Amino acid sequence: NVTLHRYDSDLFRLDRARLRDELERLKPAYRFFLQTDLDDTAKLAAMRSYLENPRNLAFYRAVDSVFSETETLEKDLTRAFRYYVHYFPHAGIPRVYTYISGGDYDFPVQRADSVLLIGLDNYLGERYKPYAADGLPAYRIARMTAGHVVPDCMETMYRAAFPEQMPGTTLLDYMVEAGKKYLFLDAMLPETDDRLKISYSSAQFDWIVRNESHVWAAIISNRMLYSTDGNLIRTFMADGPFTAEFSGEAPARLGEWIGWRIVRKYYENQPGVTLQSLMAEKDAQKILTLSGYKPEK
């Protein structure tokens, strides 16, 4: 069972009038964060500054409200990690901590050694006004919800487990490599909506489901599949609000979706392929050919 170790709430609720003694009390449970010398006045002052920073206090109050209970989150993480152990029986399960990152938006979940760190201030919902005030675009804010915590955790586990997964040079290489990541998420989160895994809105998801065959036809008819042109690859793989080359309604990362569909078909149609062997397969053309991928019109 996965237990969330709430460094965020335990830290912000301590008695700051007795800061050193209180931190010493917390140290056994949170050595990952509190390995510092608490007799060092400069380090103690830095901790006090962090705890009294108005921005961090606002984040903490919001987190304390949104994540007042975490039983559901713990159950979902437990289920996901049980699948992880099933597919990777020799892999270790990290100890999971939650904390206030102070707006470290680029790394909402981090893996460090045997620890998984979740910055809960990255998941306060689309209506949390400081996100927009900090200049985050709407398409990113839309995915900063509690529902994205577990998918983000398992994506971080994927990147930690397969750090050498680098695409080749063609658009097909990039698409298939992205597809492997989503197939991993399929295995870890079989009950999670595909829309959450790829972080599309309902409208974006509906668009790509309706237009998948048209996107694939455009790639083939314009001979893009084996292109090594960086700008073209970015058109299909880069994040953003939409893919202007198709439509203002078309989501970004269309290549990730197509790659996911190719890899999923390959995995379904090749019963001898394991998740581990799929991750090790470097021949994107082989995966495409054996997948039999052909979207319905």
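Q: Which residue of β4 is the bridge partner of Q110?
A: Q110 has L117 as its bridge partner in β4. A friendly word on the basis: this is a predicted model, where local features need pLDDT of at least 70, side-chain atom pairs count only at pLDDT 80 or more, and totals for chains, interfaces and linings use all residues. Residues are numbered from 1 along each chain as its sequence is written, and side-chain values use heavy atoms, with hydrogens and water left out.

Q: How do you know that β3 and β4 pair?
A: Two strands pair if DSSP finds at least two bridges between them. Strands here are DSSP runs of E with at least two residues, helices are runs of H or I with at least four, and both are numbered from the N terminus.

Q: What joins β2 to β1 and to β4?
A: Three bridges join strand β1 (residues 4-6) to β2, and five join β2 to strand β4 (residues 115-119).

Q: What is the order of the strands in the open sheet, and which are the edge strands?
A: The order is β1-β2-β4-β3, with mixed pairing. The edge strands are β1 and β3 (109-112), as each pairs on one side only.

Q: Why is strand β2 called largely enclosed?
A: Buried means under 20% relative accessible area, exposed over 50%, and partly exposed in between (1.4 Å probe, protein chains only). Four of the five residues of β2 (residues 95-99) are buried, so the strand is largely enclosed by the rest of the structure.

Q: What makes the pair F59 and Y128 tilted?
A: Rings of Phe, Tyr and Trp (its six-membered ring) pair if their centres lie within 6.5 Å; planes under 30 degrees apart count as stacked, over 60 as edge-to-face and the rest as tilted. The structure holds 25 aromatic pairs. For F59 and Y128 the centres are 6.0 Å apart and the planes stand at 35 degrees, so the pair is tilted. F59 sits in helix α4 (residues 54-66) and Y128 in the loop between β4 and α6 (129-133), 69 residues apart.

Q: Why are F59 and Y128 called buried?
A: F59 has a relative accessible area of 1% and Y128 one of 14%. Both values fall under the limit for buried, so the word applies to each.

Q: Why is the pair Y84 and F184 called edge-to-face?
A: The centres of these rings are 6.4 Å apart and their planes are at 75 degrees, so the pair is edge-to-face. Y84 lies in helix α5 (residues 71-87) and F184 in helix α9 (residues 171-188), so the pair ties together parts 100 residues apart in sequence. Both Y84 and F184 are buried.

Q: Is S227 buried or exposed, and how do you know?
A: S227 is buried, because its relative accessible area is 16%, under the limit. This residue is found in the loop between α11 (202-221) and α12 (230-237).
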